[in-house]
Amino acid sequence: MRGRSEKIKYAAGWCAIAAVSCAIFWFSAQNGEASASLSDRFTVGALGAFWEGESGAALYAAAQSLSFLVRKSAHFLIYLLLGGLCML
């Protein structure tokens with residue numbers, strides 16, 4: 001028989017799995033333009049935190065070249081998170 005704390009951990013684990021699954025569904029429901037826009041904004045924001053002295057055009061050009069890598073890494077990481085949660 002499970003104790004109360006074990007039941008809470010079990011339920012919390014399934015809630016986390018459900019939340020990540022919903023996030024995957026939400027991101028997958030976006031069309032290509034919306035998805036590209038989201039990853040471009042994330043990449044520009046992340047690069048902007050470390051970018052110094054160059055023009056905005058150079059920052060945007062660098063973000064465009066990294067956009068594909070960011071999108072594929074996001075796919076890998078979200079499914080890695082889901083798999084890790086399922087293994088707990």
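1. What volume does the second largest pocket have? In this predicted model, the second largest pocket comes to about 150 Å³. A pocket here is an open set of points on a 1 Å grid over the protein atoms alone, where a 1.4 Å probe fits and protein lies on both sides within 12 Å along at least five of seven lines. The volume is the space filled by probe spheres set on the points, with grid points joined across faces, edges and corners.

2. The lining of that second pocket (residues with an atom within 4 Å of a point) consists of K9, Y10, G13, W14, A16, I17, L85, C86 and L88. Two helices, α1 and α3, each give two or more residues to this lining, and α1 gives the most, with 6. Helices are DSSP runs of H or I, at least four residues, numbered from the N terminus.

3. Nonpolar covers Ala, Val, Leu, Ile, Met, Phe, Trp, Tyr, Cys and Pro; charged covers Asp, Glu, Lys and Arg; the others, Gly among them, are polar.

4. Now to the largest pocket, at about 450 Å³. Its lining has 15 residues, and F27, S35, R71, A74 and H75 lie nearest its centre. Helices α1 (4-28), α2 (32-50) and α3 (56-87) each supply two or more of the lining residues, with the largest share, 6 residues, from α3. This lining holds 9 nonpolar, 5 polar and 1 charged.

5. A friendly word on conventions: residues are numbered from 1 along each chain as its sequence is written. Totals for linings use all residues of the predicted model, while local features need pLDDT of at least 70 and side-chain atom pairs count only at pLDDT 80 or more, and side-chain values use heavy atoms, leaving out hydrogens and water.
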